[in-house]
Amino acid sequence: MRFDLEEGINWIREHEEIRDVLVTGGDPLLLSDDRIEFLLKSLRSIEHVEMIRFGSRVPIAMPQRITPELVEILGGDHDVPVWLNTQCNHPKELTPRTRKAVYDLVTCGVNVGNQMVLLKGINDDLETFRHLHQKLLQYRIRPYYVFYCEPAPGIDHFRTPIEKGAELIRDGLRGHTTGLAQPMYVCATNGKIPLMPDYYCVDKNDKEYTFRNHRGQTTTMPVIAE
């Protein structure tokens, strides 16, 4: 076992303020079963760790990696649960093998979410965007984040205006499908910064708020003094 992994585990053990551990990339599910098992047992032995998260594209890109042996290692009735966030950017990535892999994960007690990257010409039209988030739920994957595609060399042709993600959620999801399908739109620079403007509160005065829903209908709520 690599020393730096044990060193990291010991560092977590010494810092009692840490309650949530994220295991991410590369792709941690490409490690051997033995290493994953060592990592989980080590983290679960730390009293102040309450949850463990994995970031992995394996359920989408290589679902055959979700073997019965790996499922046994990840799952079970533990006091420290495992959450797995994958990345699916288009509904065509969701295959029958992914459905089975996610079912096996969920059945063994692993919670599965999705983090999508907004990509121009790939998933930035209303039909594709809505289809993706509805299909994720069919596959038992909870939409979690939509990430704005950040500046990086060679990918400017994939970037949309920043407002695009909020518009897709407003016009493609809210009021058009279940609230379970609605992710948070963020920019992952210097932490995760929400990019959802307040489209729905259209007016406020000393007495009341005015809200507008996705159909353009308005309603009012009284202002409550603190």
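User: What covers the buried residues of α7?

Analyst: Contact means heavy atoms within 4.5 Å. In this predicted model, the cover over the buried residues of α7 includes α6 (126-138) and β6 (184-187). This is a predicted model, in which local features need pLDDT of at least 70 and side-chain atom pairs count only at pLDDT 80 or more, while totals for chains, interfaces and linings use all residues. Residues are numbered from 1 along each chain as its sequence is written, and side-chain values use heavy atoms, with hydrogens and water left out.

User: Which residues of helix α7 are buried?

Analyst: Buried means under 20% relative accessible area, exposed over 50%, and partly exposed in between (1.4 Å probe, protein chains only). Helices (H or I, at least four residues) and strands (E, at least two) are DSSP runs, numbered from the N terminus. In α7 (residues 163-173), the buried residues are Gly165, Ala166, Leu168, Ile169, Gly172 and Leu173. Their arc around the axis is only 160°, so they lie on the same side of α7; the arc is that of the directions from the helix axis to the C-beta atoms. Just after α7, Gly175 has a positive phi of about 85°.

User: Is His48 buried or exposed?

Analyst: His48 has a relative accessible area of 15%, so the residue is buried. His48 is found in the loop between α2 and β2 (51-55). Leaving aside residues up to four places away in sequence, His48 touches Ile12, Arg13, His15, Glu16, Ile18 and Arg19.
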